[in-house]
Amino acid sequence: MDGEPGTETLPSLTEVRAAAARIAPYVHRTPVFTSRTLDEALAARVFFKCENLQKVGAFKARGAVHAVLCLGEEEAARGVLTHSSGNHAAALAYAASIRGIPCTAVMPETALPFKLAAVRAYGAQVVLCAPEERESACERWRERTGAAVIHPYEDPRVIAGQGTAALELLDEVPDLDVVVAPVGGGGLLAGTAIAVRAMRPRAEIIGAEPEAADDAFRSLASGVRQPPVPHPQTLADGLRTGLGALNFRILRDLDVRIVTVDEGAILDAARFHVERMKLVVEPSAAVALAAIRRIAHELRGRRVGIVVSGGNTDLSWLLRARGEQVLDRLE
């Protein structure tokens, strides 16, 4: 894949701050949690920005609301359209409801049933397609309706909105040495990098990625955007998307590092959130905790911020893990 995206203007801290002011009436300023148990285990201080407690249960509300509020009246009247595996679709449906405009979400047939139900509950029309046809199906629908496409991560307005989570985190905990966010398409990590690099220039910025869907790691290691893993098998369903071109450019230019983690580490981290911190998170959000555990030796004595990206889960992964534990004991 070509390593150079188009000529989109990259958002700056100014745009992120403007986005924060624009979306403030419609999203939560989420809390920052800590865990003494984890701090003692890592010999570090870790601060969790809990976007699992955000509107629609994920950080996606920030970018979607910002993009929809930026639309002109004539454009908005035609409605909005996106493709998504779940969280962005729900976020866009919520954002559309703020302006009273129609929303259509093209979703893969493999989307988790509870996420499909949530998108419909927020008022969107859902169009199902094969997983590999999301973008082409979305384009066909755009040609038919004229709706404004709000891309899940390849949109400067969305990226600026996502950056507001890190902006709030640094407002509350300004002296962070490391900031970590999950990476799939890269909108959250790109927005995070923009805010952190401007506000805390010497901080290390880390993207956390499943080993089973490691195109961001390969892209930044090679300097050329790499193709995504076809049909990746990972619990982190929200991170299966390939890294976007614009976000690749941002991550490369802002010196972001990627740490990959295996499925066992993701599962263990998700269980820690639920069982020790009493936070309901989806496995995609737990990838960040798994990543800092993997590099724990580097973090001793440092202050680490983590964006907990979302909490939309039916907890089937936890039930499966407990079932496996029972079987192990019986054996």
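Modeller: Start with exposure: a residue is buried under 20% relative accessible area, exposed over 50%, and partly exposed in between (1.4 Å probe, protein chains only). This is a predicted model, where local features need pLDDT of at least 70, side-chain atom pairs count only at pLDDT 80 or more, and totals for chains, interfaces and linings use all residues. Residues are numbered from 1 along each chain as its sequence is written, and side-chain values use heavy atoms, with hydrogens and water left out.

Now the bridges. A salt bridge is a side-chain nitrogen of Lys or Arg within 4 Å of a carboxyl oxygen of Asp or Glu. The structure has 18 of them.

Take Asp214 and Arg218. Their closest N and O atoms are 2.9 Å apart. Asp214 has 17% relative accessibility, so it counts as buried. Arg218, at 25%, is partly exposed.

Next, Glu204 pairs with Arg257, again with 2.9 Å between the closest N and O atoms. Glu204 sits in strand β8 (residues 204–210) and Arg257 in strand β9 (residues 257–261), so this bridge ties together parts 53 residues apart in sequence. Strands here are DSSP runs of E, at least two residues long, numbered from the N terminus. Arg257 is partly exposed, at 27%.

Asp253 is partly exposed at 46%. Arg252 is partly exposed too, at 29%.

Some bridges share partners. Through them, Lys49, Glu51, Arg62 and Glu168 join into one network.

Terms used:
Helices (H or I, at least four residues) and strands (E, at least two) are DSSP runs, numbered from the N terminus.
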